[in-house]
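The points are grouped by topic and may be read alongside the display.

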Amino acid sequence: MFGHSMGSMIARGYAAAYGAGLSGLILCGTSGQFPNAGKLLLVLKDLVDEGKGEETDSSYLEELMGWMTERIEQPKTPNDWISSDPDIVADHANDPFNNFSTPPNIRSLYYFVQMMEKIVGTEWAEKVPVSIPVYNIAGDQDPVGQYGEGVYGCIELAGANRTYFLLVLHL
């Protein structure tokens with residue numbers, strides 16, 4: 001199974017739930033743990049429980065992903081982390097199937113953060129069968145993988161009994 005970016009998060013969840021049916025897992029541009037995800041999950045759950053799930057509020061998306069532009073000098077958009085090429089950032093922002101340019105409603109963001117929290121930590125790693133070789137492709141300038149640190153964290157969770165390959169691209 002191959003998953004890139006958000007697809008890699010879905011693939012990690014799938015491998016934990018149905019890994020016995022996989023012969024391998026390739027993760028490209030996957031994440032570690034987003035810094036504010038755990039705290040934000042509780043806030044979003046409360047809002048959903050209060051009946052505010054269909055509302056939108058861009059501040060919650062900013063809280064989840066705003067840190068991703070911290071290393072960019074004078075970012076012009078919240079999505080500048082995607083590429084140093086402004087045309088690619090604009091293309092991404094205009095793609096109705098691939099963007100967070102329009103904030104998702106609170107319920108959707110809650111489900112997204114809930115998924116993210118399920119694919120980190122030892123509890124997740126223990127659910128992935130050790131018989132599955134895992135190949136992880138990451139960039140050391142990709143904020144999604146915490147500039148490589150989050151990806152190395154996935155390897156530590158994988159444990160010594162797993163076949164794990166890592167390719168970190170240094171640009």
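Strand β1 (residues 2-4) runs parallel to strand β2 (residues 25-28), and 3 bridges join the two. Strands count as paired if DSSP finds at least two bridges between them; helices (H or I, at least four residues) and strands (E, at least two) are DSSP runs, numbered from the N terminus. The model is predicted: local features need pLDDT of at least 70 and side-chain atom pairs count only at pLDDT 80 or more, whereas totals for chains, interfaces and linings use all residues. Residues are numbered from 1 along each chain as its sequence is written, and side-chain values use heavy atoms, with hydrogens and water left out.

- Cys 28 has Ile 137 as its bridge partner in β3.

**Overall composition**

- The protein contains 7 helices and 4 strands, arranged along the sequence in the pattern β-α-β-α-α-α-α-α-β-α-β.
- Of the 171 residues in the protein, 42% are buried; buried means under 20% relative accessible area, exposed over 50%, and partly exposed in between (1.4 Å probe, protein chains only).
- Among contacts (heavy atoms within 4.5 Å) between residues at least 6 apart in sequence, 71% join residues at least 24 apart.

**Largest nonpolar core**

- The largest nonpolar core has 34 residues, of which Phe 34, Leu 44, Leu 64, Leu 109 and Val 113 touch the most other members.
- Such a core is a set of buried Ala, Val, Leu, Ile, Met, Phe, Trp, Tyr and Cys residues joined through side-chain atoms within 4.5 Å.
- Apart from neighbours within four places in sequence, Leu 109 is in contact with Leu 44, Tyr 60, Leu 61, Leu 64 and Pro 104.

**Largest pocket**

- The largest pocket holds about 1100 Å³ of space, a volume being the space filled by probe spheres set on grid points joined across faces, edges and corners.
- A pocket is an open set of points on a 1 Å grid over the protein atoms alone, where a 1.4 Å probe fits, with protein on both sides within 12 Å along at least five of seven lines; lining residues have an atom within 4 Å of a point.
- Among the 40 lining residues, Trp 81, Ile 82, Ser 83, Asp 142 and Pro 143 are the closest to the centre of the pocket.
- α1, α4 (86-94) and β3 each supply at least two residues of this lining.

**Individual residues**

- Ser 5, in the loop between β1 and α1, has a positive phi of about 55 degrees although it is not a glycine.
- Ser 5 counts as partly exposed because its relative accessibility is 23%.
- Gln 74, in the loop between α3 and α4, is not a glycine either, yet has a positive phi of about 50 degrees.
- Gln 74 counts as exposed, with 70% relative accessibility.
- Ser 8, in helix α1, is buried, with a relative accessible area of 0%.
- Beyond its neighbours within four places in sequence, Ser 8 is in contact with Gly 3, Leu 27, Cys 28, Gly 29, Thr 30 and Ser 31.
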